Amino acid sequence: MPAHPGISARVGWCRSILTTMGCEADQATSSVVFRDVTKSFGDLEVLGGVTLDVRRGEVLALLGPSGGGKSTLLRLVNGLEIRDGGSLTVLDTDIPLGEPAARPADPFWTDLRRRIGFVFQAFHLYPHKTALENIALAPVEVNGQSVDAARERARTLLERVDLANKADAYPRHLSGGQQQRVAIARALAMDPEILLFDEPTSALDPEMSAEVIEVLRDLAARHDRTLMVVTHEYGFAREAADRAAFLEDGCILEVGPARQVLEAPEHPRAKAFFQRVL
Ligand SMILES: Nc1ncnc2c1ncn2[C@@H]1O[C@H](COP(=O)(O)OP(=O)(O)OP(=O)(O)O)[C@@H](O)[C@H]1O
Ligand SMILES: [Mg+2]
C-alpha cells in the first residue's frame with residue numbers, strides 16, 4: 001500500500017512538496033550533509049529525498065509525527081542504516097552505499113563512529129559494569145587510553161551529569177534518569193564531534209526527564225559539538241536548539257530557527273502538528 005497516496009513520483013517525492021530553502025548551508029561549515037537522500041525498508045518508502053545540512057556546532061532538533069522517519073534519518077548518520085539513494089557526507093567523509101551486514105567490523109565505520117556518539121531512548125548500559133566502568137570502557141578499548149586516564153575522565157564526566165556519588169553503582173541500582181545520564185557521559189567520554197540523541201527522555205517520567213533535559217541544555221549551551229536531537233520535549237527544542245526541522249512522511253517540510261518553527265510554523269502540516277501537540 002502506498003505510504004503517500006496522491007504523490008505519484010515515488011522516489012524523491014519530497015521534491016514535489018517542499019522547497020529546500022533553509023535546508024542548505026555552506027557545506028564547508030556542515031557536519032552532516034544530506035542531499036536527496038532516500039530510504040526504503042522493503043516496499044515501505046520511508047525517506048523521500050531529504051536535503052539538509054547540519055552545521056558544525058549547532059543544535060538541531062528533529063520533530064514530527066510518529067513514523068515520519070526521524071530515527072531513520074539519525075541512524076543513517078552513524079551507519080546503523082544505509083540509504084538507497086542521494087548523497088550523504090558526515091564529517092567531510094562521503095558515505096558509500098552498501099550492505100549493512102558488511103559493516104560492523106568495517107574499519108571505515110569503526111573510525112567514523114569514534115567521532116559520533118549515539119544516545120538511545122533505551123539506555124543500553126552494560127549491566128555487569130558500574131557507571132564508571134561503562135564510561136571508561138570505550139576510551140580504553142577503542143581509543144587506547146590508559147585505564148587511569150579513562151577513569152579519571154569518567155569521574156569528571158560523572159560530576160558533570162551530577163552523578164559523582166554513583167560511580168560504583170551498577171545500572172540496575174540506578175533510576176532511568178540516572179542511567180540515561182550515565183549513557184550521555186559515556187557518549188561524551190569519546191569526545192565525539194557529533195552527538196545523536198533519539199528521544200533520550202521518552203522512557204522517563206517527567207521528573208527524570210527534567211534531570212536529563214538539564215544535562216542536554218548544558219551540552220547545547222556549550223556549542224562545542226554538533227547535536228542532532230529527536231525529541232518530543234518541545235520546551236527544550238524551542239529554548240535550547242538553534243534550528244528545528246519538521247519531518248513528516250519522510251520529508252522535511254520546514255526547517256528554520258527553532259523558536260520560529262515551533263511558535264510560528266509556515267507549512268500547514270507543521271502548523272497542524274504543533275497546534276495538536278503544544
Ligand atoms: N528496520 C525497519 N524495518 C522496517 N520498517 C522500518 C524499520 N525501521 C523503521 N521502519 C519504518 O519506517 C518508518 C519510519 O520509522 P522511524 O522509526 O524512522 O520513524 P520516527 O519518525 O522515528 O517515529 P517515532 O516518532 O515513532 O519514533 C516507520 O513506518 C517504521 O515502521
Ligand atoms: Mg523514532
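The legends below describe close-up views of a predicted model. Local features are given where pLDDT is at least 70 and side-chain atom pairs at pLDDT 80 or more, while totals for chains, interfaces and linings use all residues. Residues are numbered from 1 along each chain as its sequence is written, with chains lettered from A and ligands numbered from 1 in the order in which they are written.

**View 1. The largest nonpolar core.** This core has 76 residues, of which Leu62, Ile135, Ala241, Ala244 and Phe246 touch the most other members. A nonpolar core is a set of buried Ala, Val, Leu, Ile, Met, Phe, Trp, Tyr and Cys residues joined through C-beta atoms within 7 Å; buried means that 20 or more other C-beta atoms lie within 10 Å of a residue's own, placed from the backbone. Helix α5 (residues 176-189) gives the most, with seven residues; helices are DSSP runs (H or I, at least four residues) numbered from the N terminus. Domain 1 (13-115 + 192-277) and domain 2 (129-191) both contribute residues, so the core lies between them; the domain bounds come from an automatic or database assignment.

**View 2. The buried side of helix α4 (residues 147-160).** Ala150, Ala154, Leu157 and Leu158 are the buried residues of α4. They lie on the same side of α4, because they cover an arc of only 100° around the axis, taken from the directions from the helix axis to the C-beta atoms. Their cover includes α3 (131-141) and α5.

**View 3. Leucine 163 in the loop between α4 and α5**. Leucine 163 counts as buried because it has 23 C-beta neighbours inside 10 Å. Leaving aside neighbours within four places in sequence, leucine 163 contacts (C-beta atoms, placed from the backbone, within 7 Å) Ala131, Leu158, Gln178, Arg181 and Val182.

Conventions: Buried ≥ 20, exposed ≤ 12 C-beta atoms within 10 Å, placed from the backbone. Helix = DSSP H or I, 4+ residues; strand = E, 2+ residues; numbered from the N terminus. Contact = placed C-beta atoms within 7 Å.
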